[in-house]
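I set out to record salt bridges, helix packing, a surface patch and backbone angles. The entries below are kept brief.

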Amino acid sequence: MNQLKKYLGIVWILLGPAAIYYLVKTAAAEVSKNPVIDTKIQWGVFVIIFIPIAIGMMIFGYYALQGEYDHLPESSSEIND
Amino acid sequence: MKQPNQSKGIWKVIGASSVGTLIEWYDFYIFGSLATVIANQFFPKTNPTAALLSTLATFAAGFIVRPFGALVFGRLGDLIGRKYTFLLTLVLMGGSTFAIGLVPGYETIGFAAPIIVLILRLLQGLALGGEYGGAATYVAEHAPENKRGYFTSWIQTTATLGLFVSLGVILLTRHSLDPDLPTSIKKFNDWGWRIPFLVSILLVIVSIYIRMKMKESPLFAKLKSEGKVSVNPLKESFGHRTNLKMVLLALFGATMGQGVVWYTGQFYAQSFIENVCKVDFDQSRTMIIWAIVFATPFFVVFGAWSDKVGRKWIMMTGMLLAIFSYRPIYKQFMELTNVAEMQKTLLASADAPVVKRNLGPNQSDSLVTTSIIKTLNNGISFKEVNVDTLYSATPGQVGKATTSYVEKKLDNNTYWKFVGLIFLQIIFVTMVYGPIAAFLVELFPTKIRYTSMSLPYHIGNGVFGGLTPFIATLLTTMHTSDKLVGLWYPIIIAAVCLVIGTLYVSNKIDPNVND
């Protein structure tokens with residue numbers, strides 16, 4: 001199971017840039033299709049909000065690949081260390 | 001010091017936390033429930049779609065700032081205490097809601113109106129971002145360890161009850177402004193919509209009074225007396241790799257899926273029934289109310305059950321069921337209201353057509369709209385609106401003829417089928433949402449708990465969940481041929497969360513949250 005969790009880390013890492021690419025591509029297409037302020041604001045907000053989350057997904061994947069989730073902390077002392 | 005391992009007084013704690021949280025959700029939901037009415041008041045009327053989208057964007061703005069509220073108030077909660085922090089969020093939320101009820105419309109003060117509303121909406125979002133973490137933490141830190149899921153699940157009911165109360169107040173106001181219903185509705189759309197906003201101040205005053213009487217969380221008070229309160233909760237929550245990895249796990253393995261399941265079941269369902277299925281305003285709201293009434297006890301059922309079998313599998317099962325049920329459920333919604341097909345075999349009667357003829361600017365263009373109220377054998381009635389081809393005086397310009405079916409009033413049988421289908425969706429909500437407060441509380445240490453759990457919760461709920469109706473509606477405008485395309489957003493997000501949660505989240509209940 002731990003091996004699977006590690007290998008899937010690569011998927012989560014790749015999911016980050018894939019999501020950013022799809023998001024930016026769709027945003028650009030939608031804005032060029034209807035270049036009014038409403039469309040720009042909507043898609044601008046999506047891009048700004050979801051990019052940090054996608055980066056978070058990459059960090060999560062990196063941690064998974066590093067085996068950080070092989071063992072989850074069982075007490076707060078493990079987190080505080 | 002007295003340890004919180006006994007349930008004496010816990011109901012008082014739950015009551016005080018729940019009342020405030022319920023009112024905060026009420027405040028937050030009335031805006032969403034009145035989106036179309038508010039669009040007419042605060043946004044330019046030239047383009048109704050733009051007005052509605054603008055309102056939804058304003059609505060979405062309230063969700064997007066929630067993570068920032070989580071950071072600001074989570075930090076405060078870990079620094080100065082749970083009690084005072086969520087007292088502050090309550091005042092902020094109540095004040096903003098009351099103020100929205102006072103803002104003059106676009107016709108009176110122009111663009112200042114939508115700007116003020118947007119600012120107040122942002123304040124609401126910030127306050128809500130600080131509320132839930134405080135309430136859940138406060139209750140969990142008072143609850144006995146073997147009943148943490150059970151007691152915190154009462155807090156989970158408040159969001160749904162907030163929606164329930166908001167829908168109830170709206171319907172009541174809408175019907176009580178005049179003995180004649182159409183006149184009452186007209187008055188409501190004109191100025192009566194302000195009443196639910198203004199009423200909230202009374203509720204807020206009551207809950208402030210109740211919360212003022214609360215004592216600080218015993219665990220936080222203990223930390224404070226020992227001088228162990230975190231100096232920099234933000235740094236400790238997100239700067240330490242060991243804690244950050246748990247924050248990310250909470251987000252991608254639990255709250256992200258929970259958020260989309262919640263907002264699909266309780267918000268997108270209503271939006272879909274009203275805007276796609278064109279079900280009558282009152283019916284679309286009362287069916288949500290019934291479904292909520294029947295499903296709400298299940299928050300407590302699943303919360304309590306999670307104390308016995310663990311939190312993880314209940315939440316994951318809720319997501320799994322949602323993923324596989326959404327498309328069949330929404331397909332049913334469409335089939336049950338497909339009056340265009342039904343009238344071919346079931347048409348019982350049709351009223352005399354009402355014809356309206358609108359002349360174009362040069363008095364030679366014409367637009368003829370014919371409305372007919374029809375009733376089917378199965379009891380469903382609806383209005384068929386035919387817009388004739390528009391012939392313009394300008395050569396080559398011809399408008400397209402359209403037929404639409406609106407104001408559908410469902411028969412008893414279909415109505416209850418709808419209630420059942422919404423109920424099912426809210427059951428999924430209770431599965432993913434009932435155990436989550438206890439799950440999040442157990443994931444993080446006391447001194448940075450408020451901050452650490454608030455951020456993933458509000459990104460999951462506020463950003464992923466709160467944007468669900470908006471993104472789903474947007475998808476239907478991008479891919480117009482498939483009316484169910486909007487469901488792919490919650491399905492994909494919940495599916496990713498299900499895989500991550502299943503593989504990476506532990507089902508073990510942490511008995512000790514005192515550390």
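My entries follow, beginning with the basis of the values.

**Basis.** I worked on a predicted model, in which local features need pLDDT of at least 70 and side-chain atom pairs count only at pLDDT 80 or more, while totals for chains, interfaces and linings use all residues. Residues are numbered from 1 along each chain as its sequence is written, chains are lettered from A and ligands numbered from 1 in the order in which they are written, and side-chain values use heavy atoms, with hydrogens and water left out.

**Salt bridges.** I took a salt bridge to be a side-chain nitrogen of Lys or Arg within 4 Å of a carboxyl oxygen of Asp or Glu. The count over all chains comes to 15. For burial I used relative accessible area: under 20% is buried, over 50% exposed, and in between partly exposed (1.4 Å probe, protein chains only).

I looked up A:E68 and B:K245, whose side chains form a salt bridge at 3.6 Å, N to O. This pair crosses between chains, from the loop between α2 and α3 (76-80) of chain A to helix α13 (residues 241-275) of chain B. Both A:E68 and B:K245 are buried. Helices and strands here are DSSP runs, numbered from the N terminus (helices H or I, at least four residues; strands E, at least two).

I next examined B:D282 and B:R174, which meet in a salt bridge at 2.7 Å, N to O. B:D282 lies in helix α14 (residues 281-295) and B:R174 in helix α8 (residues 148-176), both of chain B, so the pair ties together parts 108 residues apart in sequence. B:D282 and B:R174 are both buried.

In B:K344 and B:E341 I found a salt bridge with the closest N and O atoms 2.8 Å apart. The two are three residues apart in helix α17 (residues 339-346) of chain B, and are therefore separated by about one helical turn. B:K344 is exposed at 61% relative accessible area, and B:E341 is partly exposed at 44%.

I also noted a network of salt bridges that links B:R148, B:D307, B:R311 and B:E442.

**Helix packing.** Axes are lines fitted to C-alpha atoms, for helices over the stretch in contact, and angles run from 0 to 180 degrees between N-to-C directions. Angles under 35 degrees count as roughly parallel, over 145 as roughly antiparallel, 65 to 115 as roughly perpendicular and the rest as oblique.

Helix α16 (residues 312-336) and helix α22 (residues 488-504) of chain B pack at about 150 degrees, with their axes 9 Å apart. I therefore recorded α16(B) and α22(B) as roughly antiparallel.

**Backbone.** I checked B:K278, where phi is near 60 degrees, a positive value in a residue other than glycine. B:K278 lies in the loop between α13 and α14 of chain B and is partly exposed, at 33%.

Phi of B:E407 is near 50 degrees, likewise positive in a residue other than glycine. I located B:E407 in strand β5 (residues 402-409) of chain B, and at 45% relative accessibility it counts as partly exposed.
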